[in-house]
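Here is a friendly walk through the fold, meant to be read with the viewer open.

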Amino acid sequence: MHPLVPLLRTSLNAAARLTPGLAGRAAFHLFVRPQGRARLRPEEERLLAEARPGRLAVQGKGVVTYAWGDGSRPVLLVHGWSSRGSRFAAFVRALREQGYSPVLFDGPGHGASEGRATNIREYREIIRHLHAEHGDFEAVIAHSFGVLAALFALRDGVRTERFVGLGGVGRFDWLVEGFRTGLGLDERVIDGMRRHVEATLFPGEPDIWRRLSATHAPEELAAPVLLFHDAQDDMVPPAQSRALARAHGSRARLVVTGGLGHRRILADPEVVAEAVRFVTAPALSPSEAPAAG
């Protein structure tokens, strides 16, 4: 346990009894802040040096983007929380070998991008920017929180032919509950945080809490889905991907791996190869779509 957790718990719970709105805002600022920046590895640095760098602004924060290839057949890669886009290095190499044009970014507060915090709305805005720049994606490949964020954007106008999720978060309320239990927060703090999110991030967007869940309205993603999740994932339970597979029904297939955990799954040669085969395979008719596993 971080030494500040007892102090934060006591302060926020006490504040919620008097000013739940203030406690909720304070909790929100903790909720949206990554736990440090993932370091750039030497092999990732060499790969990024071969990319075309780009930059866009989201909520006043500079966001760094990277693209490879000639721009045809773009594939978007969406990283998870407290990670960075370069963690998809193995996917970038494999996709380039097949003639695809990988595109990735560092979210605000992550990697080389500006800021100290981010949220799912900012991810959606970044993905919309990249969709407008590169056109419809041949595939979107996402990891962890990136799965939740990418599916949120894909149900809101962004288009792709295929979707691959690795160690994915399927339900936004699972993140909120994990935050609450991890800090030991009173439900009044979380109620205040929810009201803050509704008022500041999604004003005028009805039914936002259901729509934030990646299992909501799966019919709005008219694309085949391939999911990977490790049985020993210590960050996101496999039940999250199982829920996604059930929601997407016959269009989805879930592959359960063993011994890779939450992070090594991104660089596993077998996982990468199977994902790229899925991306590059001929389009399936509805009757040929894989059954959920």
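## A helix across the sheet

Helix α11 (residues 269–280) lies across β3, β5, β6 (163–166), β7 and β8, where contact means heavy atoms within 4.5 Å. The helix runs at about 170° to β7; axes are lines fitted to C-alpha atoms, for helices over the stretch in contact, and angles run from 0 to 180 degrees between N-to-C directions. Helices (H or I, at least four residues) and strands (E, at least two) are DSSP runs, numbered from the N terminus.

This is a predicted model, so local features need pLDDT of at least 70 and side-chain atom pairs pLDDT 80 or more, while totals for chains, interfaces and linings use all residues. Residues are numbered from 1 along each chain as its sequence is written, and side-chain values use heavy atoms, leaving out hydrogens and water.

## The sheet itself

The open sheet has 8 strands in the order β1-β2-β4-β3-β5-β6-β7-β8, with mixed pairing; two strands pair if DSSP finds at least two bridges between them. Because β1 (52–58) and β8 (252–257) each have a single partner strand, one side of each is left without a neighbour in the sheet.

Strands β3 (residues 74–78) and β5 (residues 139–143) pair in the parallel sense over 4 bridges, and Val75 stands opposite Ala139 in β5.

## Two crossing helices

Helix α2 (residues 20–31) packs against helix α8 (residues 187–200) at about 75°, their axes 7 Å apart. The two are therefore roughly perpendicular, a label for angles of 65 to 115 degrees. Among the residues that meet are Phe28 and Phe31 in α2 and Met193 and Val197 in α8.

Definitions and conventions
Angles under 35 degrees count as roughly parallel, over 145 as roughly antiparallel, 65 to 115 as roughly perpendicular and the rest as oblique.
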